[in-house]
Amino acid sequence: DDNGYVRDCTVYKDRDGSAYFIYDRQESEKNRCQHIVKLSDDYLSFTDEYKRIEEAFWREAAAVVYRDGYYYMVTSDLTSWRFNQAKYFRAKNIFGPWEDMGDPCIGDTDHSTFRSQTTYIFKVEGKDDLYIHMAERHNTENFLHCSYIWLPIDFGENNTLSLSYKETWSIS
């Protein structure tokens, strides 16, 4: 579209094999939001199933996972390469409505997603209920020294999601 830019994006494959392109779109200087579009069965083109996620206004870098009847989407604020406070949303349908659940980071006293930005979430195969949140740690002074942090996701009562920083942890 000539009227907007597609920015940070991801692809999410659902349990039924359907895939979705999720992206941050800037339609104007003051209008930037997450969008989702279903991909064709061969994943090579878009369908007409589309939704602007109004609840994720001025957010980017979505990471999506499904668990126990809910889709969870963790996002970053718009601070370019600088870390910022995460926010997560949940919905019973991939197209929403999405509910703003706030910052998932427990003990993150400087509200910086543990000095990182969300990148991806994945379920560990062979583990019943282990999901990992992957986040980028940018070093804008020297991009050769960027890194990632990998943290297990804690799912709480009432279908909530949280992240706690762990210096070390094990998949087992």
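Trainee: Is arginine 15 buried or exposed?
Mentor: Arginine 15 is exposed, and its relative accessible area is 56%. Keep in mind that this is a predicted model.

Trainee: Which residue does arginine 15 form a salt bridge with?
Mentor: Its partner is aspartate 14, and the closest N and O atoms are 3.0 Å apart.

Trainee: And aspartate 14, buried or exposed?
Mentor: Aspartate 14 is buried, with a relative accessible area of 9%. The cut-off for buried is under 20%, so aspartate 14 qualifies.

Trainee: Switching topic: how many salt bridges does the structure hold?
Mentor: There are eight. Another one of them brings together the side chains of aspartate 129 and arginine 67, at 2.8 Å from N to O.

Trainee: Where do aspartate 129 and arginine 67 lie?
Mentor: Aspartate 129 is in the loop between β10 (117–123) and β11 (131–137), while arginine 67 belongs to strand β5 (residues 60–67). The pair therefore ties together parts that are 62 residues apart in sequence.

Trainee: What about accessibility for aspartate 129 and arginine 67?
Mentor: Aspartate 129 is partly exposed, at 42% relative accessible area. Arginine 67 counts as buried, at 12%.

Trainee: Okay, which residue does arginine 90 pair with in a salt bridge?
Mentor: That would be glutamate 99, with 3.0 Å between the closest N and O atoms. Arginine 90 counts as buried at 11% relative accessibility, whereas glutamate 99 is partly exposed at 38%.

Trainee: Nice. Which residues do salt bridges with shared partners join into one network?
Mentor: Arg67, Asp68 and Asp129 are linked that way.

Note on methods
Residues numbered from 1 in each chain as written. Predicted model: local features only at pLDDT ≥ 70, side-chain atom pairs only at ≥ 80, totals over all residues. Heavy atoms only, no water. Salt bridge = Lys/Arg side-chain N within 4 Å of Asp/Glu carboxyl O. Buried < 20%, exposed > 50% of the residue type's maximum accessible area, 1.4 Å probe, protein only. Helix = DSSP H or I, 4+ residues; strand = E, 2+ residues; numbered from the N terminus.
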